[in-house]
Amino acid sequence: MAVLTTSGLARAFRTKRGPVEAVRGIDLTVEPGEILGFLGPNGAGKTTTLRMLTTLLPPTGGTATVAGHDLARDPAGVRREIGYVAQTGGVDPTVSVREELVTQGRLYRLARGRAAARATELARDLGLADLLDRPCGALSGGQRRRLDIALGLVHRPKILFLDEPTTGLDPGSRADLWDLIRALRDDDGMTVFLTTHYLDEADALADRLVIVDHGRVAAEGTSAELKAAYGGSPEATLQDTFIALTGRGTPRPDPAPLTV
Ligand SMILES: Nc1ncnc2c1ncn2[C@@H]1O[C@H](COP(=O)(O)OP(=O)(O)OP(=O)(O)O)[C@@H](O)[C@H]1O
Ligand SMILES: [Mg+2]
């Protein structure tokens, strides 16, 4: 059974210059243990969708079920089952990595000893073991990103939402993170819902891709299926395919939605 479904999920914002329809009715089905790559140009509505699915932002239309809980009726149930690593994470720069991890564990009601053990375990898995006593404010960009991800994993979520997890990471750190994400799927059966602008990453990591544009699903399928359907030739790259679907840069006309 699907671990996440949405039907007509939508979000409009009121602004001084009129309504902004950030997400205009998205239907998704995500299977357990799947790595879903959620792709789309800047402003396509990816972060807005993630914020809705993680209960941080109420939808203005549609419905969703996340890890067995109805998003509107049981947001607390949803929150227990998910981890969220935001596009821009917020940690206290003055506290140590260890304190930050332990505090997160305590927020999820782990006993102090359990929270401390979990902090050590996650630090080991994410290559932060030597940095546990360093203030968060002194970490490099890549180290910070790894801490953000560790914080999202403290309570062993069923679904992990990652918004551009590898932006700013060096190639080695990125490869390590790919291995970690694959291990979460393969060893823990975790479902991973991730956005990225790195199409090589989407190609290498995601079991299935959903490409959104202008707040709608433009296409979905495996990387090979999308390349065959939209890339123009069997040798097409995912980059060619993406640009064929979403165009180059702005301004762009609002395209008619496409389906595979
Ligand atoms: N609070 C808000 N008020 C008004 N408009 C908003 C708000 N949040 C997002 N938007 C608009 O909604 C649209 C979608 O934004 P969103 O952050 O979801 O895009 P994204 O796909 O995550 O883009 P990026 O790749 O740049 O991160 C954009 O046009 C954005 O300006
Ligand atoms: Mg975003």
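In this predicted model, strands β6 and β7 run parallel to each other and are joined over four bridges. Strand β7 spans residues 159-163. One of its residues, I159, is the bridge partner of I82. Helix α5, formed by residues 141-153, lies across both β6 and β7. Its direction makes about 165° with that of β6.

The two strands belong to an open sheet of six strands. The order is β6-β7-β8-β3-β9-β10, and the pairing is mixed. Strands β6 (82-85) and β10 (216-221) stand at the edges. Each has a single partner strand, so one side of each is left without a neighbour in the sheet. On average, neighbouring strands of this sheet are turned by 15° against each other, direction ignored.

A further helix, α1, packs on the sheet.

The chain as a whole holds nine helices and 10 strands. Its radius of gyration is 19 Å, close to the 18 Å that the globule rule gives for 260 residues. The chain is therefore as compact as a globular protein of that length. Along the principal axes, the C-alpha atoms fill a box of roughly 55 × 40 × 40 Å. Of the 260 residues, 42% count as buried.

Technical notes. Residues numbered from 1 in each chain as written. Chains lettered and ligands numbered in written order. Predicted model: local features only at pLDDT ≥ 70, side-chain atom pairs only at ≥ 80, totals over all residues. Pairing = 2+ DSSP bridges. Axes fitted to C-alpha atoms, helices over the stretch in contact; angles between N-to-C directions. Contact = placed C-beta atoms within 7 Å. Rg over C-alpha atoms; globule rule 2.2 N^0.38 Å. Buried ≥ 20, exposed ≤ 12 C-beta atoms within 10 Å, placed from the backbone.
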